[in-house]
Structure formats: C-alpha cells, structure tokens
Amino acid sequence: MALKHLSLSLLVLGAIQLSSAALTKRVACPDGKNTATNAACCVLFPILEDIQENLFDGGECGEEVHESLRLTFHDAIGFSPTLGGGGADGSVVMFEEIEGAFHANNGIDGIVDVQRTFIDNHTEISAGDFIQFAGAVGVSNCAGAPRLNFFLGRPPPKAASPDLLVPEPFDTITKILARFADAGFSPAEVVALLASHSIAAADHVDPSIPGTPFDSTPAIFDTQVFIEVQLRGTVFPGTGGNQGEVQSPLAGEIRLQSDHDLARDSRTACEWQSLANNQSKMQAAFKAAMLKLSLLGQNQAKMIDCSEVIPVPKPLTTKPHLPAGFNMNQIEQACAQAPFPALTADPGPETSVAAVPPS
C-alpha cells in the first residue's frame, strides 16, 4: 500500500513539473540570440541593445539614466480622472510643443529630443512604451536598484496632457499629496517614488550648477537620499535663493523644498524615515509605485508583461551611513513615532559632492 501511495505521489509530482514546464515554455526570438515567454516581447531586445549602447553610454548609471527616469514621471503623471490626460502614453514627446512649454516641464526638452530620435528609429513600439522601457532599463544600470516591471502595449497618445498636473518642488505638501491622490497614489507611495532622487541630479533648479545631485551617491540606488535630506541644511551649493530650493548639508548637493518638507511633514515623515536604513523596503516600495505610475491611463489587461527583458541590476555593496564629518546630532528628527535609526559616519574629511558629468 505504501508503495502504491509513493508511486501515485511521484506521478502527481511529475505531472506538476511537466505542467509548469509547459507554462514557462519560451520562444526563440528572430535575432537568434534571445528567447522570451511571449513572442511579442522579442521586439524589445534590439531596442535594449541600442539604448544601452547609444543612450546609456554602454550601460552606465549616469545623466541620461537620471533624465530618462524623470521623463517616465513627467509623462505618466499627466493623468487625472477629472481633468483628463492620457497618463503614460508618450504625449510628453509626441506633443512636445505643448507639454514642453509647461513650467513644471522645464528642462525636459533635452531628453525629449534625445529620445525622439530613438522613438523614430523604433516605430515597432509606441512612444509611451519607449519612455517607460527606457526608464526601466536605465534604472537597471544602477547598483542596488530593483528590477522594474515593464508592460508592452500602450496605444499612441490622442492629445496633450493638461497643464498643472506635474507637481512642482515649491508646492505645499498638501497640494502635492492632493495631486498624487487624484492620480491614485497614497502618501506612502509618494515617498516611495522619491527613491528616484537617489539616482538623480538637478540641472535647472539652479542653472548656474547643472548636474547637481540630490544625494552624495547619485550613481547607485541606495537610501542615502532619505538620510541626507534629514540632515540640517546649512549651505546652498550655488547661488541660493532659487524657487523650490532650500539649504543642503553638503557642498555640491542640492535639496528640493518638496523633499525637505516631505521628510518633515507629519503625514509623510515616518514613512520617509522608515526608508533611511531599509534598502529592501525602499526597493520593493519603489518597484511597486513605479509599476503603478507606468500604467496610469492604461488598460493593463490589454498589455503584455515583458518584465523579463529588463536586465537584473547589480547588488548594492555599501551600507547606510552618515556622510563623513557628520553626526547624529545633525539629524532633524521629524517622525513622532520612532527615533531616527542610529548611523555611523564615513571616515575622513567632510563629504563634498561632485556634479554628475553630462553624457
């Protein structure tokens, strides 16, 4: 009897394994090099090779990655159930003459023009698909980042987004949270999306110092932005007095007013603090929020999951820390529910931050 039951169990296990194998059967792509779960995803591999080599300078986590990630947001957030907008549909590129004139889109013309060339060369996917694909691929070049999802199948945009849907760094936190809530995002998801500032730099907040990072490690996706924004600001990296800018703790680092305020507002301060030394939480929260952002205005049921095409980022090799020359007394505690996590400072002279070089 025991042998009979064992034989039955083995048969069931074998059937499950065969079924699983059938479900994950891959198709060979026309390039002769790659395979995919869905043949429709094969179209992405030549685009991947092109943008890694010619947009991201051979797979770097540099200026074009920062700008491409910014563009995913500026395109997608142009969505409101009441005011209109197609969300992540590519309108920021296809209707550049309209959306490029919006005040909140100041400075995106450079990456729009760069990406427009690639979009024109890869008409097999839509502009909306290209923007989100390039953003996900670019992020994969940054050590410590999560592997972002990518869904294929956005239709071409029908019209430009309305103005005033992109939050500004000088907006009040109430206004920022209301705009995001209108698009379907919670305060915690707003904070999660700002993990993007871990690999970002500002070109136009202070035009005298283009390429100024938001944290001391702009080439890796780590929690430093959530630590350093909580430090007491004492200096402006450039001219100072710019709209949407407040003092930073580090020479060469720029701080947005909105980041400063979100880190200290009672509605978001504890969520901000929770990411300061929790890399895995930051990765998971950012990945989920970016997926939601990338699908704004789209019907996911009509799209194809091609996330497997996105490269796997390298792991992070550093740990959360205070910049050299700083101590915990310079943290401005804002969360009323728990103390800021205890961190030690890097050794050496006080940290100063170099600008991100242009591509």
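This is a predicted model: local features need pLDDT of at least 70, side-chain atom pairs count only at pLDDT 80 or more; totals for chains, interfaces and linings use all residues.

**Entry 1: the largest cavity.** How many cavities of 30 Å³ or more are there? I found two. I looked at the largest cavity first, and its volume is about 90 Å³. Helix 7 (127-140) and helix 13 (279-294) are the elements that give two or more residues to its lining.

I then wrote down who lines the largest cavity: Thr-72, Gln-132, Gly-135, Ala-136, Leu-148, Asn-149, Phe-150, Arg-154, Lys-287, Met-290, Leu-291 and Ser-294. Which element gives the largest share of that lining? It is helix 13, with four residues. With the classes from my first entry, the lining of the largest cavity splits into five nonpolar, five polar and two charged residues.

**Entry 2: the second largest cavity.** The second largest cavity holds about 30 Å³ of space. I listed its lining as His-74, Gly-78, Glu-99, Phe-102, Asn-105, Ser-161, Pro-162, Leu-165 and Val-166. By class I get four nonpolar, four polar and one charged residues there.

**Entry 3: the largest pocket.** Next I turned to the open spaces. The largest pocket has a volume of about 900 Å³. Its lining takes in 38 residues, and those nearest its centre are Arg-70, His-74, Pro-169, His-197 and Leu-256.

Which elements each supply at least two residues of the lining of the largest pocket? I noted helix 3 (63-76), helix 8 (173-183), helix 9 (187-193), strand 4 (201-202), helix 11 (257-262) and helix 13. Helix 3 gives the largest share, seven residues. Sorted by class, the lining of the largest pocket has 23 nonpolar, 10 polar and five charged residues.

**Entry 4: the second largest pocket.** The second largest pocket comes to about 240 Å³. Of the 15 residues that line it, Gly-86, Asp-89, Pro-155, Gly-297 and Gln-298 lie nearest its centre. I counted its classes too: six nonpolar, six polar and three charged residues.

**Entry 5: the whole chain.** I stepped back to look at the fold, and the protein chain has 13 helices and eight strands. The radius of gyration is 22 Å, close to the 21 Å that the globule rule gives for 359 residues, so the chain is as compact as a globular protein of that length. I read the span of the C-alpha trace along its principal axes as about 75 × 55 × 40 Å.

Buried residues make up 50% of the 359 residues. For contacts with a separation of 6 or more, I found that 71% join residues 24 or more positions apart. The chain exposes about 15,900 Å², and carbon and sulfur atoms supply 58% of that area.

**Entry 6: Ala-183.** I looked up Ala-183 in helix 8. Is Ala-183 buried or exposed? Its relative accessible area is 6%, and buried means under 20%, so Ala-183 is buried. Leaving out residues up to four places away in sequence, Ala-183 touches Ile-77, Phe-79 and Leu-296. I also checked Ala-183 against Gly-78: they are 105 residues apart in sequence, yet 8.8 Å apart in space, C-alpha to C-alpha.

**Entry 7: two positive phi values.** I placed Asp-57 in the loop between helix 2 (44-54) and helix 3. At a relative accessible area of 36%, Asp-57 falls between the 20% and 50% cut-offs, so it is partly exposed.

Leu-164 is another residue other than glycine with a positive phi, near 75°. I found Leu-164 in the loop between strand 3 (151-152) and helix 8. Its relative accessible area is 74%, and exposed means over 50%, so Leu-164 goes down in my notes as exposed.

Definitions and conventions:
Residues are numbered from 1 along each chain as its sequence is written. Side-chain values use heavy atoms; hydrogens and water are left out. On a 1 Å grid over the protein atoms alone, a cavity is a set of points where a 1.4 Å probe fits but cannot get out, and a pocket is an open set with protein on both sides within 12 Å along at least five of seven lines; lining residues have an atom within 4 Å of a point. Grid points are joined across faces, edges and corners, and a volume is the space filled by probe spheres set on the points. Ala, Val, Leu, Ile, Met, Phe, Trp, Tyr, Cys and Pro count as nonpolar, Asp, Glu, Lys and Arg as charged, and the others, Gly among them, as polar. The radius of gyration is taken over C-alpha atoms; the globule rule is 2.2 Å times the number of residues to the power 0.38. Buried means under 20% relative accessible area, exposed over 50%, partly exposed in between (1.4 Å probe, protein chains only). Contact means heavy atoms within 4.5 Å. Accessible areas come from the Shrake-Rupley method with a 1.4 Å probe; for residues, only the protein chains shown count as cover.
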